[in-house]
Amino acid sequence: MAEQVLTVTTAYARGQMARARAEGGSLTKVVKMAFGSGGVDQAGKPLPLEGTEQSLKKELIQKDITSFEFIAPATIRYICSLEEAELAGETINELALVDSAGKLTAVRTMSNKTKDADMEFIFEIDDIY
């Protein structure tokens, strides 16, 4: 059975939600997805996440979110595309959602995905509350 890799909501995002519920404040909007190449160990296995991360291990690029959809009452799927020429030849194995304050709200590590120069890649992250 394959090991399940999950996206982790950061402590920053959880704290922001708790304060908003208790104090009635507002939440920052998720606006970007960050892509990186430092999310695996020497054997290529995804590194575990603590939930305290505020940077990717080796960030390659940040891009505006392409779209989002509500897939359940408390789950939002954020979608971001890498065009053919973007990150061509790079290995991608970590992703993050970035809010309007520039902070990571969710982080994910995954197996290596090598980006071909003649293909568009579409990445999705489910943000579960």
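Is Leu87 buried or exposed? Hi everyone, let's start there. Leu87 counts as buried because its relative accessibility is 14%, where buried means under 20% relative accessible area, exposed over 50%, and partly exposed in between, using a 1.4 Å probe and protein chains only.

A quick word on what we're looking at. This is a predicted model, in which local features need pLDDT of at least 70 and side-chain atom pairs count only at pLDDT 80 or more, while totals for chains, interfaces and linings use all residues. Residues are numbered from 1 along each chain as its sequence is written, and side-chain values use heavy atoms, leaving out hydrogens and water.

Back to Leu87. You'll find Leu87 in the loop between strand E5 (75-82) and strand E6 (91-99); strands are DSSP runs of at least two residues, numbered from the N terminus. Its phi is near 55°, a positive value in a residue other than glycine. Most residues other than glycine have a negative phi.

Now, the aromatic rings. Rings of Phe, Tyr and Trp (its six-membered ring) pair if their centres lie within 6.5 Å; planes under 30 degrees apart count as stacked, over 60 as edge-to-face and the rest as tilted. The count comes to four aromatic pairs. One of them joins Phe68 and Phe70: centres 6.2 Å apart and planes at 85°, so this pair is edge-to-face. Phe70 is exposed, at 57% relative accessible area. For Phe121 and Phe123, the centres are 5.9 Å apart and the planes at 55°, so that pair is tilted.

Note on methods
Helices (H or I, at least four residues) and strands (E, at least two) are DSSP runs, numbered from the N terminus.
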